[in-house]
Amino acid sequence: MKPLKSIFANLPTGILYSAIVLSAMYGCGTSQATPGAENHAAPLPVLQLSNVPATTYREYNAAIEGRVNVEIRAQVDGILEKIFVDEGAYVKAGQPLFKINDRPYNEQLSNASATLQAAQANLEKAQVEVDRISPLVKNNVVSDVQLKTAQSNYAAAKAAVAQAQAMVGNARINTGYTLISAPVSGYIGRIPYKTGALVGRAEPQPLTVLSDVSEVYAYFSMSEPDFLKFKNNTEGATIADKVKHLPQVDLQLADNSIYPQKGKIETMEGQFDKTMGAVSFRASFPNASGLLRSGNTGKIRIPEQFEQAVLVPTEATFEIQDKVMVFLVADSNKVTGVPITVSGKSGNYYFVDKGVKAGQRIVYTGLDRLHDGTVVAPQMMSLDSLLKVKPL
């Protein structure tokens with residue numbers, strides 16, 4: 001029998017390459033099939049799934065505004081003479097905020113008052129003339145043309161008085177506009193102008209913004225899939241009825257703390273934003289302590305009850321493309337990656353609708369060492385003990 005070296009030496013180059021590859025593959029296959037490989041199964045923590053009652057939350061980014069946000073603007077042009085409040089101060093309705101120099105407007109009022117007095121004097125004079133001529137016409141002493149002329153002069157004098165009264169009223173209004181008072185109770189925002197600045201109706205910036213935050217509104221947007229879920233799963237014949245049946249909501253603040261007062265979703269916009277593919281909702285929260293201010297941000301948390309849900313720790317999952325997966329442990333202790341359908345999340349846990357069920361086992365950690373068909377040595381752990389360490 002010829003040695004392999006001499007056989008390979010007489011083969012064509014292409015056949016020689018194929019023979020070498022087949023030899024290598026055969027060698028690898030025989031090495032993987034070494035008896036006793038199952039004895040090298042990795043010991044990994046394995047969790048048996050079970051159903052638990054739980055509450056999860058759907059979270060939406062929210063922008064907070066006061067119940068009333070009023071831009072305080074100058075109604076007349078002039079020099080800002082006094083500022084009675086400071087930024088961030090709480091003021092009551094009717095409290096003075098700003099004073100614009102009123103000397104020009106006082107002069108206008110004085111001029112209008114003088115014009116009114118002159119008009120009233122002319123009216124009295126015209127009335128006297130009518131009273132004088134009326135009996136003379138009646139006794140045919142003078143012609144009625146003179147009476148008609150006197151009556152016309154009286155009517156013109158009366159109109160002049162009305163015009164002068166309007167000028168006085170307008171001047172008085174402008175004078176009143178020089179003292180700007182708070183229309184509602186609330187907190188003063190930024191004051192961009194300082195004493196001595198020229199202000200007026202044409203200025204782009206308001207003198208300040210006054211916010212009534214005794215109650216605040218949190219505006220948030222719901223995507224179209226979430227809206228359809230809300231529409232299909234919430235009690236009520238109309239959208240307005242469904243909004244009324246929504247449970248009270250929480251507000252998670254920027255530091256992840258939960259605002260102590262519960263809120264209520266009140267309204268929904270009439271149409272979707274085409275650019276965002278979402279529809280806006282408004283929730284209201286009481287704010288007697290003044291903790292929340294206009295411009296704050298947070299998250300609206302809508303609770304969702306699960307009477308019996310399969311609980312899967314997030315550590316026991318991995319993602320492939322857009323799918324959430326777990327390694328399911330079969331009776332032979334071989335693992336298989338299966339996708340799961342997540343219906344909600346709370347803390348470090350997913351609530352699962354499909355993919356796994358109570359009683360099945362999944363690998364808890366060490367997923368990076370696994371692939372389909374890997375044999376593991378299960379180190380069983382209790383869900384109750386896990387919940388004590390990492391509660392919902």
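Strand 16 contributes the most to the lining of the largest pocket, with 5 residues; strands (E, at least two residues) and helices (H or I, at least four) are DSSP runs numbered from the N terminus. The structure is a predicted model, in which local features need pLDDT of at least 70 and side-chain atom pairs count only at pLDDT 80 or more, while totals for chains, interfaces and linings use all residues. Residues are numbered from 1 along each chain as its sequence is written, and side-chain values use heavy atoms, with hydrogens and water left out.

The volume of the largest pocket is about 290 Å³. Here a pocket is an open set of points on a 1 Å grid over the protein atoms alone, where a 1.4 Å probe fits, with protein on both sides within 12 Å along at least five of seven lines; lining residues have an atom within 4 Å of a point. Points are joined across faces, edges and corners, and the volume is the space filled by probe spheres set on them. Among the 15 lining residues, Thr 56, Tyr 57, Gly 344, Lys 345 and Ser 346 lie closest to the pocket centre. Two or more residues each come from strand 2 (51–72), strand 13 (297–313) and strand 16 (335–346). By class, the lining holds 4 nonpolar, 5 polar and 6 charged residues, where Ala, Val, Leu, Ile, Met, Phe, Trp, Tyr, Cys and Pro count as nonpolar, Asp, Glu, Lys and Arg as charged, and the others, Gly among them, as polar.

Strand 13 turns up again in the second largest pocket, where its 4 residues are the largest contribution to the lining. This pocket has a volume of about 230 Å³, and helix 5 (224–233) also gives two or more residues to its lining. Its lining includes Arg 58, Lys 229, His 245 and Glu 304, and divides into 5 nonpolar, 4 polar and 3 charged residues.

Leaving aside residues up to four places away in sequence, Gly 196 touches Ile 79 and Leu 80, a contact being heavy atoms within 4.5 Å. Gly 196 counts as partly exposed because its relative accessibility is 46%, between the limits for buried (under 20%) and exposed (over 50%), with a 1.4 Å probe and protein chains only.

As for confidence, the protein averages a pLDDT of 86, and 90% of the residues score at least 70; pLDDT is the predictor's confidence in each residue, from 0 to 100. Over residues 1–38 the pLDDT is below 50.
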